[in-house]
Amino acid sequence: MGYHGFAPIVPLQVFINAFLVMGFISNLVFWVFRYMGLSKLIGSDQAWADSPIPDYKTLYTSLLRASLPMFKYEDLVERPESCCCICLYEYERGAEIRGLPTCKHVFHRQCLDRWIDLEHITCPLCRIPFETEEMKWELNKRLWATSGFAHMHSGPSPVPAS
């Protein structure tokens, strides 16, 4: 009857190793299916793209999304060689693509719209703000117009005499 030391740790190691092996096998199957062109059999390429966006979209993010250009993938003159860096899926024919005016990076429309709806205003790839000065002025004008305060002057407000 001696001291057995670390006996409770062995089942934990077995569990962790089994978990890692299952994750490896899952990734391997996914990449084999994708390589063979059968990725549609194991799920949608962008399963989360059609999932509901949180309800806290702001007017500003809605206007910002509307101001960014959108194209069909096949209409792009210079097609990106890589995949969308948000979802990591390849661009396919018929895909809707949004381009950023400042850095010229492109992304799937659903991916970039979701990025903007989460109130990110920088490029997901290079982190350059994707609003040009012209866009900022135009967005501010549209915000003031929709707020109902467009008729107000930008000067100091009169102080009532007491």
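Q: At what angle do α2 and α3 pack, and how far apart are their axes?
A: This is a predicted model, where local features need pLDDT of at least 70 and side-chain atom pairs count only at pLDDT 80 or more, while totals for chains, interfaces and linings use all residues. Residues are numbered from 1 along each chain as its sequence is written, and side-chain values use heavy atoms, leaving out hydrogens and water. Axes are lines fitted to C-alpha atoms, for helices over the stretch in contact, with angles from 0 to 180 degrees between N-to-C directions. For α2 and α3 the values are about 150° and 9 Å.

Q: Are α2 and α3 roughly parallel or roughly antiparallel?
A: Angles under 35 degrees count as roughly parallel, over 145 as roughly antiparallel, 65 to 115 as roughly perpendicular and the rest as oblique. The α2 and α3 angle is about 150°. The pair is therefore roughly antiparallel.

Q: Which residues of α2 and α3 make the contact?
A: Contact means heavy atoms within 4.5 Å. Helices are DSSP runs of H or I, at least four residues, and strands are runs of E, at least two, numbered from the N terminus. α2 contributes T61, L64 and R65, and α3 contributes D113, I116 and D117.

Q: Is α2 roughly antiparallel or oblique to α4?
A: α2 and α4 pack at an angle of about 130°, with their axes 10 Å apart. That angle makes α2, relative to α4, oblique.

Q: Which residues of α4 meet α2?
A: By class, this contact has seven nonpolar, two polar and one charged residues. On the α2 side are L59, Y60, L63, L64 and S67. On the α4 side are M135, L139, R142, L143 and T146.

Q: Against which elements do the buried residues of α3 pack?
A: The buried residues of α3 are C111, L112, D113, W115, I116 and D117. They pack against α2, β2 and β3.

Notes:
Buried < 20%, exposed > 50% of the residue type's maximum accessible area, 1.4 Å probe, protein only. Nonpolar A, V, L, I, M, F, W, Y, C, P; charged D, E, K, R; others polar.
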